[in-house]
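Please look at the fold as a whole before turning to single residues. The paragraphs below begin with one residue, widen to the chain, and then come back to selected positions.

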Amino acid sequence: MITCIGLVELTAIARGIETADVMIKAGSVTLAFARPVCPGKFIIMVYGDVGAVKASVEAGLATGADRVVNHLIIPRVHPDLLPAIRGTLAVTSVEALGVVEFFDIASAVTAADAAAKSSRVTLMEVRLGLGIGGKSFFKLCGEVADVTSAVSAAIGAGTGRGRVVSSCVIPAPDPALFRQMI
């Protein structure tokens with residue numbers, strides 16, 4: 001079980017690769033991913049025990065320095081978050097669909113975790129910057145009241161770290177739209 005995640009988002013690919021190496025060596029963490037995203041940014045996510053993740057992220061911030069856009073550490077991360085980022089959660093029906101979009105990656109991850117913890121919802125997908133101009137968004141589903149509450153929690157969690165671009169709650173999405181969303 002993943003107990004804590006850490007993420008560093010940078011504006012430079014070469015510095016990002018260097019930072020990833022430093023982060024892995026700084027603590028007893030597992031690399032979830034280290035990859036370039038649009039528009040020429042680089043993201044690194046690690047997981048492990050809280051202390052190890054904190055040490056890893058601190059080392060990443062020091063190495064990334066002026067190239068760091070944002071970062072996060074989430075202890076007691078929601079168990080659906082990493083599978084939603086990896087695209088491995090299966091959803092078969094939706095009463096309501098919620099979508100929240102951010103200008104940066106770390107804010108979307110923080111907000112998705114907060115949304116999942118706030119209500120009885122399922123994270124469907126967390127898309128991090130690839131092919132969408134560096135923005136990020138997540139989709140979640142559940143009952144209308146739960147999705148509405150989760151979207152509000154996400155906006156509250158993301159506001160202090162990065163700007164929300166837009167959000168919506170769609171009760172009973174059309175089946176054709178739902179099929180495209182999964």
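Is threonine 19 buried or exposed? At 0% relative accessibility, threonine 19 counts as buried, where buried means under 20% relative accessible area, exposed means over 50%, and partly exposed covers the values in between, all with a 1.4 Å probe and protein chains only. Threonine 19 is found in helix H1, which takes in residues 13–26; helices (H or I, at least four residues) and strands (E, at least two) are DSSP runs numbered from the N terminus. When the neighbours within four places in sequence are left aside, threonine 19 is in contact with Leu10, Ile44, Gly60, Thr63 and Gly64, contact being defined as heavy atoms within 4.5 Å.

A word on the source is needed here: this is a predicted model, in which local features need pLDDT of at least 70 and side-chain atom pairs count only at pLDDT 80 or more, while totals for chains, interfaces and linings use all residues. Residues are numbered from 1 along each chain as its sequence is written, and side-chain values use heavy atoms, with hydrogens and water left out.

Seen as a whole, the chain has 6 helices and 8 strands, and these follow one another along the sequence in the pattern β-α-β-β-α-β-α-β-α-β-β-α-β-α. The radius of gyration of the chain, taken over C-alpha atoms, is 16 Å, and this agrees with the value near 16 Å that a compact globule of 182 residues would have under the rule of 2.2 Å times the number of residues to the power 0.38. Along the principal axes, the C-alpha atoms fill a box of roughly 45 × 30 × 30 Å. Of the 182 residues, 47% count as buried, and among contacts between residues at least 6 apart in sequence, 76% join residues at least 24 apart.

The accessible surface of the chain, computed by the Shrake-Rupley method with a 1.4 Å probe, comes to about 8200 Å², of which 55% belongs to carbon and sulfur atoms. There are 16 positive and 15 negative side chains, and the centres of the two sets lie 4 Å apart; in this count Lys and Arg are positive and Asp and Glu negative, with His and the chain ends not counted, and the place of a charge is NZ of Lys, CZ of Arg, CG of Asp or CD of Glu.

Not counting residues up to four places away in sequence, lysine 41 touches a set of residues including Leu10, Arg35, Val69, Phe103, Asp104 and Gly134. In the loop between strand E2 (30–37) and E3 lies proline 39, and a cis peptide bond, with omega about -15°, joins cysteine 38 and proline 39.

Helix H2 (residues 50–64) holds alanine 52, which is buried at a relative accessible area of 15% and touches Gly27, Ser28 and Val29 beyond four places in sequence. Valine 53 also lies in helix H2 and counts as buried at 0% relative accessibility. Its contacts outside four places in sequence include Cys4, Ile5, Val46 and Ile73, and the C-alpha atoms of valine 53 and valine 29, which are 24 residues apart in sequence, are 6.3 Å apart in space.

Arginine 76, in the loop between strand E4 (68–75) and helix H3 (81–86), has a positive phi near 50° although it is not a glycine, and at 68% relative accessibility arginine 76 counts as exposed. Alanine 172, in the loop between strand E8 (164–171) and helix H6 (175–181), likewise has a positive phi, of about 45°, and counts as exposed at 59% relative accessibility.
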